[in-house]
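Me: I have a structure open and I'd like to learn how to read it feature by feature. Could you walk me through it?

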Amino acid sequence: CLAELSKLHQIVPAFDNSTELQVFCRQGHDLTLKQQDNERKDREKAEATRFITQIVEDCRRQIKTSTPLDEVRICLAPAIERDPEHPLVLELQSQVQVQQAELDRQRQSAESVKQRRQAAVRLFERAKVHYKNGDFAKALSAYEQFLNGSFSDMETARSEAQRDVAQARKE
């Protein structure tokens, strides 16, 4: 537009409204540049989204329930580098954190059950020793503690404890 206006000035040097036309030409040029810049930004954003989506999906396929968050972050590193606050990146990290918290809770629960079971076995063994040694009062106390807190899958030990309790009460 400005080039055409310049040619027009060469032909007709005193063209009316030429300064006004120059302003319009500059505004049009500025708008064109702004539109091109917006289109470039949109293309870059779409490309970044495609890139991040691909990385996140690849990581989703690679990770397992027990994959540590640090390994997931290593897998996501290219996506995090591009946009650490991208919703897909944050969502996957959050899912892994929730899974890890659940696994930790399950491990703690299993460890607690294991410790209680070991304590019950020790109590049962101690009661048997007291019973064999003829210390029936201590045997009764230990057996009753065992029977009150034992596990349902320890039926053999429960049966033996009940039999020994009945026998100890007779003696």
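Reply: Let's begin with contact, which means heavy atoms within 4.5 Å. Two ground rules come along: this is a predicted model, where local features need pLDDT of at least 70, side-chain atom pairs count only at pLDDT 80 or more, and totals for chains, interfaces and linings use all residues. Residues are numbered from 1 along each chain as its sequence is written, and side-chain values use heavy atoms, with hydrogens and water left out.

Me: Okay, which residues does Tyr143 touch, not counting those up to four places away in sequence?

Reply: Tyr143 touches Phe124, Ala127, Lys128, Tyr131, Ala161, Asp164 and Val165.

Me: And how do I read pLDDT here?

Reply: pLDDT is the predictor's confidence in each residue, from 0 to 100. Where pLDDT is low, the predicted coordinates should not be read in detail. In this protein the mean is 86, and 88% of the residues reach 70 or more. Confidence is lowest in helix 1 (residues 2-11), with a mean of 65, and highest in helix 3 (residues 69-82), at 94.

Me: How many helices and strands are there in the protein?

Reply: Helices (H or I, at least four residues) and strands (E, at least two) are DSSP runs, numbered from the N terminus. The protein has six helices and zero strands.

Me: What should I look for in a core?

Reply: First, buried means under 20% relative accessible area, exposed over 50%, and partly exposed in between (1.4 Å probe, protein chains only). A nonpolar core is then a set of buried Ala, Val, Leu, Ile, Met, Phe, Trp, Tyr and Cys residues joined through side-chain atoms within 4.5 Å. The largest one here has 16 residues, and Phe124, Tyr143, Phe146 and Ala161 touch the most other members. Helix 4 (87-132), helix 5 (136-149) and helix 6 (155-170) each give two or more residues to this core, with the largest share, six residues, coming from helix 5. There's also a second, separate core of 13 residues, with Ile63, Val72, Val89 and Val96 among them.

Me: Which residues of helix 6 are buried?

Reply: General idea: an α-helix has 3.6 residues a turn, so residues three or four places apart point the same way. In helix 6, the buried ones are Ala157, Arg158, Ala161, Asp164, Val165 and Ala168. They sit on the same side of helix 6 because they cover an arc of only 130° around the axis, the arc being that of the directions from the helix axis to the C-beta atoms. Those buried residues pack against helix 4 and helix 5, while the face turned away from the buried side carries the exposed Thr156, Arg163 and Lys170.

Me: What about His130, buried or exposed?

Reply: His130, which lies in helix 4, is buried, at a relative accessible area of 19%. Leaving aside neighbours within four places in sequence, His130 is in contact with Asp135, Lys138 and Ala139.

Me: Last one: how many disulfides does a search of the whole structure find?

Reply: A disulfide is a covalent bond between the sulfur atoms of two cysteines; the cut-off used is a pair of cysteine sulfur atoms within 2.5 Å. The search finds one. Cys59 and Cys75 form it, with sulfur atoms 2.0 Å apart. Cys59 lies in helix 2 (residues 18-62) and Cys75 in helix 3, so the pair ties together parts that are 16 residues apart in sequence. The torsion about their S-S bond is about -105°, so this disulfide is left-handed. Both Cys59 and Cys75 are buried.
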